[in-house]
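Please read the following report alongside the sequence and the coordinates, taking one part of the chain at a time.

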Amino acid sequence: MPKTATNPYRLERTVTPVHYAIDLTVDIANFAFKGRQSVRIKAASAFGSITLHALDLRIQRAELSTASGPLKASRIAFDKDKETVTLVFPRTVRPSEARELALEYTGELNDKMHGFYRTRYTVDGATRWGAATQFEATDARRCFPCWDEPDLKATFDITLRVPKQLTALSNMPVKSQRVSGELKAVSYRTTPVMPTYLVCFVVADLVYVAGRDKNGVPIRIYTTPGKEKQARFALEVGKHALTYFADWFGIPYSLPKMDMVALPDFASGAMENWGLVTYRETALLVDPDNSSVQARQRVAEVIDHELAHQWFGNLVTMEWWTDLWLNEGFASYMGPKAVHDQFPEWDIWGQFIATEYLGALRDDALRNTHPIEIDVKNPHEIREIFDGITYSKGASVNRMLEHYLSEPVLRKGLNVYLKKYAYGNARTVDLWSVLEQVSGKPVRRLMAAYTRQEGFPVVEVAETEGSRGRGLDLRQSRFIFDGGSDARGLSWSVPVAVRTERQGEVATLLDATTGTIAFKTAPGWIKVNPGQSGFYRVRYAEELLGPLSEALRSGRLEAIDMLGVLDDAAALCRAGRLPVTLLLDLVGSCARQLDYNVWLTLAGILGEIESLIEGQGLAEHRLANFARTLFGPASARMGWSASPSDDHLSLMLRPLLLSRMGHYADAGTVAEARERFAGHLKGRPIDPTLRTTVYGIVSETGGQAEHERLVELYRASDLQEEKVRILRALTRTREVSAVRASLKLALSADVRKQDTFIVLSGFGVNPRGRAIAWEFIRSRWAELSRRFGGGNVGLLSRIIEGAVSSFVDPSEISAAEAFLRQHPVRGTERSVKQAIETARSTSRWARRDGDTVYAWLGAYATADERSVSRRTQTAGA
């Protein structure tokens, strides 16, 4: 898709790159670099100028070699908005005489965590600096002038000139190394053809652990000195994943090595640079003595996601960012497969449903959602789509596609697709075409609506009885959180499956607004969308909901089906399409559960119910009583201490239950947490898996003194995982002085830039700190915009979403909307709209059902209520 009037940000295809030879001298002491490069080009027609991307670079020389001699650029013109530079030559050049473009330039090792940036770390207590790159989506242009679009692939020869004592890494193995004075020149083997956003350099004082996968591919995990022990788990995961994906796809890994690097400063979780994957420390390192089981799982998930990209994204790249989901949706779908293969006891697909799948349904229920395939033009629009729709909805519809085709058929189809487009580019339609050829099924008809339309359907199900026996009437429409309808009447081809009590499973493809399913005999209770395989919600008629609710209460539903019923009910209540009392009854029937994913869903639903009665002291008191009766039995069974028989999910369930019991003011839980914290300060370490829970309870039930102790622990630790869990705990405080101190800390030099959002967004779900946090954000808006604008705008979007989406009071929502409208930051537009829409949805729900919730909670009134005010005061109000 070359530049057109509809997308002036795309480059013309008159001159395109074939091969880059890049030579960079990295001056870490002065946070600068200088570059020399030659680019072998090809020309489709005669030209008098070349336009390519460049941003924050100063070009000293631009010269074109031709068959008739060199041509120096007569003018070098930058376009800041389009992030390009145009080189104008003194005459027209014929296609046959164009050879190479030589450039010399300088740039800054910036502090933006995008482009070529500096990173700070410590060795033996001394501060040191390194440099690293983050080029996706459009930031290679900050490091070297280039054709920075995914379909303009080329090969690369890289040379890095760096301080001789430092390690220098790039995508390929080292070809040669030569020391001259205080610098060493490291040259690397030529890359395969690849897009600019996958090029990578890392320069720092690094050490590594090494191994090989079963196919002999060398793997190294790099860390700063002293953290080698923390890299061993990642090495084992990486060895498994590379082997697994090569076998699953039937295609060997393409490069001669795989390096993975833990970077102290890193904006996102990780980046799949071909052959040199970069990570936040929390996404790659596991401390055997101080990491939790949750952190260990997270590391495995991130590594497997990034290594899946070596095929989906690197070997075959989307043609343009419109099809970003071909990278991220498939990596998010394939990653759990590798995790499950290595750690089947983790029930990773159950966790996928409870987090990614349900999260995608929530995101996509907003009017301000977007299609998976969305037309994007400029870097700001591109950055906005690295979101839950692209990742989690993309993965969820891929899972639905697998259920429709079967895994063997999908696997064969993906093998054909990857081989056909290897080292090239593809679009979504190309994938559908291959899968249709392999499967013989109408893949495009099924999937197009899920990727080209925003939103998803709710299938309404009612019982019917006619001359042919009993059955179900089905009706689909778009589901929207505000309860309204879609003016366009969107519809989908919905793979509807039904699990029945007496007749097993039946299925149909609902490809019209209405449809039917027939049963031979009375089916008993029915569960539509068993295993949550389809991307849709279900609304049952009253005559069907009763038997299904009883099946849930009696434990006859599988855990995934239970959480599906619960979350559908919560969403329908929010939309005003189901009585909130029915939801509360369903939640109350789950006290005997011991499944982690069901409890995770229940905790989320209770958090939503809290929002409906926010500020009503008596109602909050009764809700806490109800919550303790819900979480209490399971929490008592689990206790505080791990047992040798505990499996992975039991180890994750214990802190979840204890955290909720502490939040809902269970006296025994709070006392035990405070006692364990006191022991921790005296040298009796808390089990790492319980630290987040203990820190959070102590922060929530304590005051300024507890805040200060937590900050002391934060400053004393060099484990980033520990720092992050303390930051999260700080946001639970109810003490005004501690709220203000935490916010100040978030913008201090003690907190890395990538972690600031944890505090600023985290207070959004804390009614006692929300108003103070939002006022702080408003007062520091100019600073935040500078810190997180441009390449880091995703972090600013997360701050906005966290701080604003939990507002309930209509006047606060309107004030926030007005402020954000008056102080726009490019690249946050959709996040602002989604945050405001979410807040208004909760506000409407509270006005509609708040009194009903209060009345239902009357059964949990207690004799001590005289000391509880009818309404509570929020901090800063």
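Predicted model: local features only at pLDDT ≥ 70, side-chain atom pairs only at ≥ 80, totals over all residues.

The length of helix 8 can be checked against expectation: its 12 residues (428-439) should span 16 Å at 1.5 Å a residue, and because the C-alpha atoms at its ends are 16 Å apart, the two values agree. After helix 8 comes Gly440, which has a positive phi near 75°.

## The packing of helix 15 and helix 17

Helix 15 (residues 648-663) and helix 17 (residues 688-701) pack with their axes 9 Å apart and at an angle of about 5°. Since angles under 35 degrees count as roughly parallel, the two helices are therefore described as roughly parallel to each other.

On the side of helix 15, the contact is made by Leu651, Arg654, Pro655, Leu658, Ser659, Gly662 and His663, and these meet Thr689, Leu690, Thr693, Ile697 and Glu700 in helix 17. By residue class, this contact between helix 15 and helix 17 divides into 5 nonpolar, 5 polar and 2 charged residues.

An open sheet is formed by 3 strands in the order 3-7-6, with antiparallel pairing. Strand 3 (47-53) and strand 6 (75-79) stand at the edges and have a single partner strand each, so one side of each is left without a neighbour in the sheet. Neighbouring strands of this sheet are turned against each other by 25° on average, direction ignored.

Strand 3 and strand 7 (residues 84-93) run antiparallel and are joined by 6 bridges. Within this part of the model, His53 stands opposite Thr84 in strand 7.

## Strand 14 and its two partners

Strand 14 (residues 183-188) is mostly covered, as 5 of its 6 residues are buried. Its pairing with strand 11 (residues 155-163) is antiparallel and extends over 5 bridges, and Val162 stands opposite Lys184 in strand 14.

Strand 13 (residues 174-180) also pairs with strand 14 in the antiparallel sense, over 6 bridges, and here Gln177 stands opposite Val186 in strand 14. The hairpin of strand 13 and strand 14 has 2 residues between the strands, and in it Gly181 takes a positive phi near 70°.

## The hairpin of strands 16 and 17

Strand 16 (residues 207-212) and strand 17 (residues 218-223) run antiparallel and are joined by 6 bridges, with Ile221 in strand 17 as the bridge partner of Val209. The hairpin that these strands form has 5 residues between the strands, and Gly216 in this hairpin takes a positive phi near 90°.

His380 has its place in helix 5 (residues 379-384) and, with a relative accessible area of 17%, is buried, because buried means under 20% relative accessible area. When neighbours within four places in sequence are left aside, His380 is in contact with Arg826 and Gly827. Glu817, in contrast, lies in helix 25 (residues 810-822) and counts as partly exposed at 23% relative accessibility. Not counting residues up to four places away in sequence, Glu817 touches Ile836 and Arg840; the C-alpha atoms of Glu817 and Ile836 are 6.7 Å apart in space, although the two residues are 19 residues apart in sequence.

Ala29 is found in the loop between strand 1 (15-27) and strand 2 (32-43), and at 71% relative accessibility this residue counts as exposed. Ala29 and Gly794 are 765 residues apart along the chain, and their C-alpha atoms are separated by 29 Å.

Note on methods. Residues numbered from 1 in each chain as written. Heavy atoms only, no water. Axes fitted to C-alpha atoms, helices over the stretch in contact; angles between N-to-C directions. Helix = DSSP H or I, 4+ residues; strand = E, 2+ residues; numbered from the N terminus. Parallel < 35°, antiparallel > 145°, perpendicular 65-115°, else oblique. Contact = heavy atoms within 4.5 Å. Nonpolar A, V, L, I, M, F, W, Y, C, P; charged D, E, K, R; others polar. Pairing = 2+ DSSP bridges. Expected span 1.5 Å × (residues − 1). Buried < 20%, exposed > 50% of the residue type's maximum accessible area, 1.4 Å probe, protein only.
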